[in-house]
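Please open the structure in your viewer and keep the sequence beside it. This tour says what to select next and what is there.

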Amino acid sequence: GGHIMMPATANLSAAPLPDSAAAKSLNVRLLIKWAISLLLPPLFLLLPESTGLDGRMKLFLVITLWAVIVWGFNIISEVAVAMALPILYVLAGLLPYKTAMSSWTDTLTIITLGGLILGHVVMHTGLTRRIALWGVNCMGGSFVGLLGGMTFAVMIISPLVPSITGKTILFGIIAIGLCDAMGFKARSREATLICLGTFLAVTSTKLCWLTGAGDVILPVSLMDKVTGKTTSWLTYALYNAVPGALYTVISVGLALLLLRAGGHSHMRATMQEQYRALPPMGLAEKKAAVILVVTVLLLLTEPLHHMPTAYVIFIMGLVNFLPAMGLINGKAFGSMNINIVFFINGCMSIGICANAIGMDTWMTERMLGLLHTDSLWTSSLICYGIGVVINFLLTPVAAFVSLVGPITQMAQAMQVDPAILVHSFQYGLDQFVLPYEYAPFMLAMGMGYIGFKDMALVMLVRMAVMAVFLGCVAVPFWMLVSGWL
């Protein structure tokens, strides 16, 4: 989908465009990418029976690896690949059609639609531009200032909003507004830095607090069932507030370091000028602001009204259609880019198929076999590694349900604090490179502003750095807290 830049030459008229060296080079690279995507995945079929993989599992790995390679090389639209996945699983005889398409009944579909409507409204009324320009001026007008301010805001709201998907949508809308206000094209390095940095802030801060996300509460409750103890909000904070904050700073810092975007020294002056030129808030913009504030308040007060995040986001999106609001109509909705809905539902079929053919059981059995060790440091790093690897096939919920109990029992057998191994596993499950590994990550990628290659670089480096962070900082800190408690 990019433009081919022709090299400068002294005799441009002598270079025939159809047979140019650049076009030939592009064709060769494309053929190599196709060859890798078609020839590498079938190698899974040659794996011996001693691996425990049956024919269905091997077919699953072939199809899934093909999709992953095509995504990485950007050979075909990622939406088309995601849409093809459930059909390929059906054609391969791995799933019945209704099961392959069952993701469309998941609440993630309605939260995505609601988020799209909210994003459309606050962007087209000019509200996100106003928020973004205000933020640039308050945060110093640099990428460090922008992401620093964004991270600080996320840290404040993180323990108050237990929905990671809700926070991803809210802060993602602001991040996209920043990109549009500063003229950064979707998937450019600058747009990737802002949107990926914002997502890392959202997902990393959840580990600081027991109320940071549902997938934080779950492993702790599963651990407590085995130990017979109760982990309070304060106890969890004592273990994780400091390491989680450092983890967040390192995550966002790596994005800044690896995606250095130069040539924007004039950014602050330009944004200040644009901010001063903004007209007073119009009626539509004020209505959008009210909608956004009410949405945030409903997310903050979820423990009181018990309305799930998906319903809050979806209903608040539909409120914009009411005649009294008049912020969106059927024609505007029809013009929205809803590719993200197809992308997310296609990606979710990977987890559905993995569970249906027993890949989750196969993976769990082999992961548990690695835990037999007498060293707390080694066990912690193994738990981290298990989280990283198992994330490719299981959802975080399935991984926690399958492994937290055995990990806790192993810790008890070793006579060490189970929280240290469970938290190490949590940090491992927070490492992901491919969008399908984590639903909020699919939301962030599906918004279309994060470039795949730049994202993959940051996430792979982060994965390695965090293993060092775990062994040198987090585990010693947890041991200290455990001894003190």
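Start with Val 468. At 51% relative accessibility, Val 468 counts as exposed, because the cut-off is over 50%. Val 468 sits in helix α23, which covers residues 452-484. Gly 212 and Val 468 are 256 residues apart along the chain, and their C-alpha atoms are separated by 24 Å. Keep in mind throughout that this is a predicted model.

Next, select Val 144. Look for this residue in helix α7, residues 143-157. Is Val 144 buried or exposed? Val 144 counts as exposed, at 56% relative accessibility. The line spans 9.9 Å, while 113 residues separate Val 144 and Leu 257 in sequence.

Now go to Gly 119. Helix α5, residues 107-124, holds this glycine. Gly 119 counts as buried because its relative accessibility is 9% and the limit is under 20%. The C-alpha atoms of Gly 119 and Ile 176 are separated by 9.2 Å. Along the chain, the two are 57 residues apart.

Stay with buried residues and select helix α18, residues 359-368. Which residues of α18 are buried? They are Met 359, Asp 360, Trp 362, Met 363, Thr 364 and Met 367. Show what surrounds them.

Gln 415 has a positive phi of about 60 degrees, although it is not a glycine. Most residues other than glycine have a negative phi. Gln 415 counts as exposed, with 75% relative accessibility.

Select Arg 187, between α8 (164-181) and α9 (189-205). Phi of Arg 187 is near 70 degrees, again a positive value in a residue other than glycine.

Now show the aromatic rings. Select Phe 199, Phe 432, Tyr 438 and Phe 441 together: these four form one aromatic cluster. Across the model, the count comes to 15 aromatic pairs, with ring centres within 6.5 Å.

Colour the charged side chains next. There are 24 positive and 19 negative side chains in the protein chain. The centres of the two sets lie 10 Å apart.

Finally, zoom out to the whole chain and colour by secondary structure. The protein chain has 23 helices and 0 strands. Its radius of gyration is 24 Å, close to the 23 Å that the globule rule gives for 485 residues, so the chain is as compact as a globular protein of that length.

Then look inside. Of the 485 residues, 51% count as buried.

Conventions: Residues are numbered from 1 along each chain as its sequence is written. This is a predicted model: local features need pLDDT of at least 70, side-chain atom pairs count only at pLDDT 80 or more; totals for chains, interfaces and linings use all residues. Side-chain values use heavy atoms; hydrogens and water are left out. Helices (H or I, at least four residues) and strands (E, at least two) are DSSP runs, numbered from the N terminus. The radius of gyration is taken over C-alpha atoms; the globule rule is 2.2 Å times the number of residues to the power 0.38. Buried means under 20% relative accessible area, exposed over 50%, partly exposed in between (1.4 Å probe, protein chains only). Lys and Arg count as positive and Asp and Glu as negative; His and the chain ends are not counted. The place of a charge is taken as NZ of Lys, CZ of Arg, CG of Asp or CD of Glu. Rings of Phe, Tyr and Trp (its six-membered ring) pair if their centres lie within 6.5 Å; planes under 30 degrees apart count as stacked, over 60 as edge-to-face and the rest as tilted.
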